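Subject: Structure for you to look at

Dear colleague,

Here is the structure I promised to pass on, with some notes on what was found in it. Please open it first and keep it beside you as you read.

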Amino acid sequence: MISRVKLISVWVSDQDKAYDFYVNKLGCAVETDQTMPNGYRWLEVVPPGAETHLALAKPNPGQQDATIGGFSGIGFDADDVQATYDDLVAKGVHFTEPLAKQPWGGLMAQFADPDGNIFMLGG
């Protein structure tokens, strides 16, 4: 029986820039950063305390369906959304939608990585 989501791929154009953003701005830990014999780099990060990892993957030739940029469908949770939002803004994270109270009562914002992949932040 499936028990959890282990890994989600985020398509990026430059893995070094993605590394800097996800590790140094979002605070993710590097799970794996390894170059395979064929030259493909496997870069996997994980938010603190999370079970689901992010593979920061550069599309290979022939992967035309790999879209870089746009809404990712991925949402990040935070214990203190306001403090997390303020911290990310201070680190220069670009928010495409500022933090706002939603009709259901929670707070939500949207931010983009250097490739324009858009994520939700809420709690």
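**The largest pocket**

Of the lining of the largest pocket, α2 gives the largest share, three residues; helices (H or I, at least four residues) and strands (E, at least two) are DSSP runs, numbered from the N terminus. A pocket is, on a 1 Å grid over the protein atoms alone, an open set of points where a 1.4 Å probe fits, with protein on both sides within 12 Å along at least five of seven lines, and lining residues have an atom within 4 Å of a point. This is a predicted model, in which local features need pLDDT of at least 70 and side-chain atom pairs count only at pLDDT 80 or more, while totals for chains, interfaces and linings use all residues. Residues are numbered from 1 along each chain as its sequence is written, and side-chain values use heavy atoms, with hydrogens and water left out.

The lining has 16 residues, and P47, P48, D77, A78 and T84 lie nearest the centre of the pocket.

**Aromatic rings**

The structure holds eight aromatic pairs, where rings of Phe, Tyr and Trp (its six-membered ring) pair if their centres lie within 6.5 Å, and planes under 30 degrees apart count as stacked, over 60 as edge-to-face and the rest as tilted. The rings of F21 and Y22 have centres 5.1 Å apart and planes at 80°, so this pair is edge-to-face. Ring pairs join F21 and Y22 with F76, Y85, F95, F111 and F119 in a cluster.

**Confidence**

The average pLDDT (the predictor's confidence in each residue, from 0 to 100) is 94 for the protein, and 99% of the residues score at least 70.

Best wishes
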